[in-house]
Amino acid sequence: MVVLGKDERLKFEADKENYSKAVQEIYDNTHTYHDGKWVMFAPTDTSLFDDFIRLLSIKRKPNKK
């Protein structure tokens with residue numbers, strides 16, 4: 001599960017076309033709550049892992065150097 005708040009949803013939606021159709025479909029079919037979208041994935045293989053990593057990078061704060 002990845003919870004995307006308002007700003008995170010905007011980041012995802014700006015880059016949405018670069019994600020797989022499966023991830024786009026799951027995102028589109030996920031209900032939006034007052035605190036964001038709670039996007040649930042049930043991976044059956046590793047084919048979507050690159051997309052998961054990119055989604056999680058939206059959530060991470062950049063390293064301060």
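Trainee: How many aromatic pairs does a search of the whole structure find?

Mentor: This is a predicted model, in which local features need pLDDT of at least 70, side-chain atom pairs count only at pLDDT 80 or more, and totals for chains, interfaces and linings use all residues. Rings of Phe, Tyr and Trp (its six-membered ring) pair if their centres lie within 6.5 Å; planes under 30 degrees apart count as stacked, over 60 as edge-to-face and the rest as tilted. Searched over the whole structure, the number of aromatic pairs is four.

Trainee: What is the angle between the planes of Phe 12 and Tyr 19?

Mentor: Phe 12 and Tyr 19 are one of these pairs, with 4.7 Å from centre to centre. Both residues are buried, a term that means under 20% relative accessible area, with exposed over 50% and partly exposed in between (1.4 Å probe, protein chains only). Their pair is tilted, and the angle between the planes is 50°.

Trainee: Which parts does the pair of Phe 12 and Tyr 27 tie together?

Mentor: The rings of Phe 12 and Tyr 27 form a tilted pair, 4.4 Å centre to centre with 40° between the planes. Phe 12 and Tyr 27 are both buried. Helices (H or I, at least four residues) and strands (E, at least two) are DSSP runs, numbered from the N terminus. Phe 12 belongs to one helix and Tyr 27 to another, so the pair ties together parts 15 residues apart in sequence: helix H1 (residues 6–14) and helix H2 (residues 21–28).

Trainee: Which residues do ring pairs link into a cluster?

Mentor: Phe 12 pairs with Tyr 19, and Phe 12 also pairs with Tyr 27. The cluster linked by ring pairs therefore consists of Phe 12, Tyr 19 and Tyr 27.

Trainee: Is Glu 8 buried or exposed?

Mentor: Glu 8 is a residue of helix H1. Setting aside neighbours within four places in sequence, Glu 8 is in contact (heavy atoms within 4.5 Å) with Val 3, Ile 58 and Lys 59. Its relative accessible area is 17%, so Glu 8 counts as buried.

Trainee: What relative accessibility does Glu 13 have?

Mentor: Glu 13 also has its place in helix H1. Glu 13 counts as partly exposed because its relative accessibility is 38%.

Trainee: Which residues is Asp 51 in contact with, leaving aside its neighbours within four places in sequence?

Mentor: Asp 51 lies in helix H3 (residues 49–59). With a relative accessible area of 9%, Asp 51 is buried. Once the neighbours within four places in sequence are left aside, the contacts of Asp 51 are Tyr 19, Ser 20 and Val 23.

Trainee: How far apart are the C-alpha atoms of Ser 57 and His 34?

Mentor: Ser 57 is placed in helix H3. At 47% relative accessibility, Ser 57 is partly exposed. Ser 57 and His 34 are 23 residues apart along the chain, and their C-alpha atoms are separated by 22 Å.

Trainee: In what order do the elements of the chain run?

Mentor: The chain has three helices and three strands. Residues are numbered from 1 along each chain as its sequence is written. From the N terminus on, the order of the elements is β-α-α-β-β-α.

Trainee: What radius of gyration does the chain have?

Mentor: The radius of gyration is taken over C-alpha atoms, and the globule rule is 2.2 Å times the number of residues to the power 0.38. For 65 residues, a compact globule would have a radius near 11 Å. The value for the chain agrees with this: 12 Å.

Trainee: What share of the 65 residues in the chain is buried?

Mentor: Among the buried residues are Phe 12 and Tyr 19, and Asp 51 is buried as well. Taken over the 65 residues of the chain, the buried share is 29%.

Technical notes: Heavy atoms only, no water.
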